[in-house]
Amino acid sequence: MLTIKPQTLTVSDFIANKEYQPFKKWRTISKTINFGLLFGCSAGRFATMLEMSGFTELDCEDYIKLTNNTQFYNTTLASSSKRMSPKETKFLVVATLMRNAFFDGYKGLQARIKREQDFALTHGYVRTWHGPVRHLSELRYMKVNSKGNLVGADRALYSKMFAHLLNNACNSTVQSMESRVAFATWHNTALYLKEWNLKSFIWNNIHDSLDFCIYKPELELVLALAGACASWERPPVKGIHMSMDFEVADIQDQAHRDNTYYKAGVGIDPIPIEEALEHWNTKYGTHYTWHGCES
């Protein structure tokens, strides 16, 4: 007889198995939920994103039953003026339920989105916490009513542009925040690489990610350094621990490139910077020190 003993799944367990099913699917869907709703995605658009992320009609049925919303689904299907199919209705119902739960869980998020959009409509730009400005000047020349909706010819001609600009108004301030952490990490890491006379360097950045070219003997130290610079507490997220995920690809020759390649490397957890420095200084007779980061 086969006996299966239930075991609690920790975050570490989940991360360790993120490339395997069903964890890979859950991770993709979770990222879709977080990023889509963080930026104020509508229920209709979010329903499409859910299906594209791998969420299935069966998943919808399970979710509706799990949350005791069968009646909500039946009512929505019966009252649909667009004659949506049962499948489309299931996705819309699930998207609506998830969206409501997300904003109920993160109080103030919806108000922030509305505040940024109202500011953009009035001024034609949004300003981020760190200073960068995103200009959305077209908004100032569009006619809107008291509810913030386009009216007249502008509604017929510029609806898609209007929605896109409002989306940028609330997205830019969030994306600037994560870029700020990446830029600060880049800046401080580069200072230490120069101070310690290391050969490794950073050569690219996309939003909140950094691309390194690392000299093999320096791998342990550079990963520890980047991790320390990324997790350094800085305004306006002081008190919130930041971190960096590392994927390392060895591309020195074809044999290695067949197994690992750029953007698809092997996950590695860095050791504490103090420990990495102790290893380096002992091995190479140096006296490098870690003294924190600039802002």
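The model is predicted, so to speak of local features takes pLDDT of at least 70, side-chain atom pairs count only at pLDDT 80 or more, and totals for chains, interfaces and linings use all residues. Residues are numbered from 1 along each chain as its sequence is written, and side-chain values use heavy atoms, with hydrogens and water left out.

**The second largest pocket**
- A pocket here is an open set of points on a 1 Å grid over the protein atoms alone, where a 1.4 Å probe fits, with protein on both sides within 12 Å along at least five of seven lines.
- The second largest pocket has a volume of about 460 Å³, a volume being the space filled by probe spheres set on the points, joined across faces, edges and corners.
- Its lining (residues with an atom within 4 Å of a point) counts 18 residues, with Phe39, Gly40, Cys41, Ser42 and Asn167 nearest the centre.

- Strands are DSSP runs of E with at least two residues, and helices are runs of H or I with at least four, numbered from the N terminus.
- Strands β3 (residues 201-206) and β4 (residues 209-213) run antiparallel, joined by five bridges; pairing takes at least two DSSP bridges.
- Asn204 has Asp211 of β4 opposite.
- Two residues lie between the strands, and His207 takes a positive phi near 55 degrees.

**Thr189**
- Thr189 belongs to helix α8 and is buried, at 0% relative accessibility (buried is under 20% relative accessible area, 1.4 Å probe, protein chains only).
- Beyond neighbours within four places in sequence, Thr189 contacts Ile202, Phe212, Leu225, Ala226 and Cys229 (heavy atoms within 4.5 Å).

Note on methods. Buried < 20%, exposed > 50% of the residue type's maximum accessible area, 1.4 Å probe, protein only.
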